[in-house]
Structure formats: structure tokens, C-alpha cells
Amino acid sequence: MTVADVAAVPAEVVDRCARLTRPALRGAVDRLHPWVGEMAAYSFGWCDVGGAPVTAPGGKGLRQALAVLGAEIAGAPPEAGVPAAVAVELVHTFSLLHDDVMDGDPVRRGRPAVWRAYGTGPAVLAGDALFALAVDTLATSAGGAGAVRLLSAALGDLVRGQADDLLFAGRPWTGPQRVRSMDYRLMAEGKTGALLGCSLALGALLGGASPAVVAGLDRAGRQAGVAFQIADDVLGTWGDPAVTGKPVHGDLRERKKTLPVVSALESDRPAARRLAALLEADGDVATAAQLAEEAGGRAAALAVARGCSAAALSELDRIRAPARPVRDLRALLDGVVARTR
């Protein structure tokens, strides 16, 4: 569900958490059926088609880092958050495998998507296996029952957000049935924010945090997720394909109702009217991207992203926690929006 480079996110924070999580993540994948495990390893960038080891671009590690930091914020050692980190990384990858199938995206992180490399049916099967493995990882951990309930609730929100995202493509660009900015924000909170909030909350739960802290971190992650999705959409429209790993203007070609375009259509600038006419006529996507920027869509979307990031950080101000994980978490959340600057 993400396309953007996260060079602005502090690498040392992500790397520290990834080094802690990676052995457990590989160990979990090794428990899968060998063929399914190969597809999972391919999706993580560990191997090529056929299983030959490679070092390919993998996930950004943001969610597993959030889970580890959640445990540390609870005052627990970082190892307490590892089961949560493994589970959310498995769920995130499961969602990407299915997302690429639903959207028909042929490329993921600069390589053929799993469904293009192995086939649609196998990709769906691999996603299902990762989901089951995530649930088992939590169920067999300390505090497993509560953790599974938390993950289940987040997945329900993720599915609702994904459903809205798919339905948005069939709605008109203008008129009473058009997608509005608030519709987008609710969709993004479910599609992306739910799992980011769950990552923090799960780590905190396994670290022994109070229900109030768990709930506060969930809210912070959800706000950060909306900012993250907006930043992705900005980069999906105006980003460099060499950096994003996705075709330029891909969201516009798929008629995705992203916040930059929705915001542009809500403006009263002349470019907004020209953009609406062009989109309704299925006109040139490069011109549409230019008009969306002229109508203020890019600036408006980034302003919302900054507001969501600030809201996430304000949630942290209400939590009394050790200084280092809070500092690291602030750096991660700041980097979510900074990557579009």
C-alpha cells in the first residue's frame, strides 16, 4: 500500500529495530510450505523467483519499528515487541500482495509484483498464508489473546478502508456523489492508519502498557498513517519512478481519488475547472497532474499531512514514557511527511 522512498525517516531507528526483528521474521517464514515460503521471501526481497538468494529492495520496516518502540515506550525491553513486529510485518506484506492483485499493479519495489512473478492464485495463497502466520505469531506470544483481538479490530478497519478505496474509483469526479476530502481521510485512516496504530499499540500491549497508553499510541499511529498515505499519494502523482518503484501518474491512470486530486477539485481556481473537465473526459494524465498542482491540490494535501503528523505528536505529549523511544518515535513520525519535501 506504499510506494514512496523513506530516506527522510531516520535509518538508524529503523535499522536498530529491523536487526532485532529480522531473525524472528525469517524464522516465521521458514515455517511455511516451501513454495509459499519462497513467494513470501521474494516479497521481502530475500530471494528471486526460484529461490536463489538475492538482496533486493524490501519493505521500509516502519511498522516493525513502531512495534518495537511501542514496547520500549511501555518501559519494557525492545525484545518484548518482537512478536508484534513480526506479526505486523507479515500482515503488511499480506496486504501488499492482495493490494497488487486488486489494483493490477505489475511492479512492487522495482521488481515484478508477486502475482506477475508467480501468478494471481499463488499470490493470493501466499497472502493468506502470511495472514495466518501473523495470527499464530501473536496467539502463541505472552498476552496473545488480547493481542489477537487488537490485530483483528485493526484488520477490520483495514478492510473497510481498502473497500472504500476500491469503490472510490467508480465514483464521479464531480457532482453530489464525488469523493470529498473527509471521505478520503476516513478511508486513509482505515487503509493505512489502522495498521500503523496497531503496530504501536501491539508493541505497547506486549510490553505491559496500561490500556490508556495502548489507546493513545493507537490514535497516534492512525494519525501518522493518514499522513503517510497522503505522502504516498503525493509521491505517486509527482514522484520520480526511479525512487518510488512505480510508474509515473499510475494513480491517475487508475482513477484513484487521492487527496491531492480531490483537494484540487474542491478549490475555486480556474485550474480546478479545467482539471475536472479533463478527468471526466479521461484526458492526458500528465496534464491532469500539472493542473492538480496549479489548483493547489499538492499544497493542500501536504498541509493536511502536516496537521495529521502534528496530531500524532500531540498524542505522544500525553504519554509519560522513557525519553529515548519517544525521541525515536518522534523522529519516525516527522520523517513520514519530510520525505515529500
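Reader: Which ring does the charged end of R116 sit over?

Author: This is a predicted model, where local features need pLDDT of at least 70, side-chain atom pairs count only at pLDDT 80 or more, and totals for chains, interfaces and linings use all residues. Residues are numbered from 1 along each chain as its sequence is written, and side-chain values use heavy atoms, with hydrogens and water left out. A charge sits over a ring if NZ of Lys or CZ of Arg is within 6 Å of the ring centre and within 35 degrees of the ring normal. For R116, the charged end is 5.5 Å from the centre of the ring, and that ring belongs to W115.

Reader: And R63, which ring is that one over?

Author: Here the charged end lies 5.6 Å from the ring centre. The ring under R63 is that of F228.

Reader: How are the rings of Y42 and Y118 arranged as an aromatic pair?

Author: Rings of Phe, Tyr and Trp (its six-membered ring) pair if their centres lie within 6.5 Å; planes under 30 degrees apart count as stacked, over 60 as edge-to-face and the rest as tilted. A search of the whole structure turns up 3 aromatic pairs. For Y42 and Y118, the centres are 5.6 Å apart and the planes are at 80°, making the pair edge-to-face.

Reader: Why does that pair tie together separate parts, and how many residues apart are they in sequence?

Author: Helices (H or I, at least four residues) are DSSP runs, numbered from the N terminus. Y42 sits in helix α2 (residues 34-44) and Y118 in helix α5 (residues 114-118), so the distance in sequence is 76 residues.

Reader: Is Y42 buried or exposed?

Author: Buried means under 20% relative accessible area, exposed over 50%, partly exposed in between (1.4 Å probe, protein chains only). Y42 has a relative accessible area of 5%, so Y42 is buried.

Reader: Where is the kink in helix α1?

Author: The bend at a residue is the angle between axes fitted to the seven residues ending there and the seven starting there. Helix α1 covers residues 11-29, and its kink of about 40° comes shortly before the proline P23, at T21.

Terms used. Helices (H or I, at least four residues) and strands (E, at least two) are DSSP runs, numbered from the N terminus.
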